[in-house]
Amino acid sequence: MIEAVSCGGVVIFRGKILLLYKNYKNRYEGWVLPKGTVEEGEEYNDTALREVKEETGVSAHIIKYIGKTNYTFNTSYDTVDKDVHWYLMMSDSYYSKPQKEEYFCDSGYYKYHEAYHLLKFPNEQQILEQAYSEYMALRKANLWGNKKY
């Protein structure tokens, strides 16, 4: 078994969540949150920011760490056990551009309920729920967007 670590972001702008649509040779299709593999010597928060930028073109900044998800998948030669560390992030515009080289063919910001139902994987729905709850708590306390968290 191979152990792998990725990091990603739940990016919010004006209450909407950034999603990517992946279509890999019609074998893997669906809406996901931006995430990717940690490079050697890289801090998890740096990986999350880099991957969001690479996959979506969005320059976000981290508000706080949300938590970790785990899943397992099989490749032709082994089983991969992957931990994904997630961060709540803020963007300052609706701009996004999907990374074609990674088979992303669409990206955009969606209302919470739309994003939740569009997401392909239950563990990403769960992390979205946690992140959005944190976002709403920060907004209620008038802390979202004024850098006082």
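A search of the whole structure, which is a predicted model, finds twelve aromatic pairs.

| Ring pair | Distance of centres | Angle of planes | Class |
|---|---|---|---|
| Tyrosine 112 and tyrosine 116 | 6.1 Å | 40° | tilted |
| Tyrosine 132 and tyrosine 135 | 5.2 Å | 45° | tilted |

A pair of aromatic rings is described by the distance of the centres and the angle of the planes. For tyrosine 112 and tyrosine 116, the planes stand at 40°, so the pair is tilted. Both residues belong to helix α2, which covers residues 112–118. They are four residues apart, about one turn of the helix. Tyrosine 112 has a relative accessible area of 14% and is buried, because buried means under 20%. Tyrosine 116, with a relative accessible area of 23%, is partly exposed.

The rings of tyrosine 132 and tyrosine 135 are likewise tilted, with their planes at 45°. These two residues lie in helix α3, residues 122–140. Beyond the individual pairs, a cluster linked by ring pairs contains Tyr112, Tyr116, Tyr132, Tyr135 and Trp144.

Attention now turns to isoleucine 66. This residue is found in strand β5, residues 61–74. Its relative accessibility is 13%, so isoleucine 66 counts as buried. Leaving aside residues up to four places away in sequence, isoleucine 66 touches Trp86, Tyr87, Leu88, Ile127, Gln130, Ala131 and Glu134. Between isoleucine 66 and alanine 141 there are 75 residues of separation in sequence and 18 Å in space, taken from C-alpha to C-alpha.

The last topic is the largest pocket. The space in this pocket amounts to about 590 Å³. Its lining consists of 21 residues, and those nearest the centre of the pocket are Lys22, Tyr28, Lys35, Tyr71 and Lys82. Two or more lining residues come from each of the strands β2 (16–24), β3 (28–32), β4 (35–37), β5 and β6 (79–90), and from each of the helices α1 (44–56) and α3.

Conventions
Residues numbered from 1 in each chain as written. Predicted model: local features only at pLDDT ≥ 70, side-chain atom pairs only at ≥ 80, totals over all residues. Heavy atoms only, no water. Phe/Tyr/Trp six-rings, centres within 6.5 Å; stacked < 30°, edge-to-face > 60°. Buried < 20%, exposed > 50% of the residue type's maximum accessible area, 1.4 Å probe, protein only. Contact = heavy atoms within 4.5 Å. 1 Å grid on protein atoms, 1.4 Å probe; cavity = no way out; pocket = protein on both sides within 12 Å on 5 of 7 lines; lining within 4 Å. Points joined across faces, edges and corners; volume = space filled by probe spheres on them.
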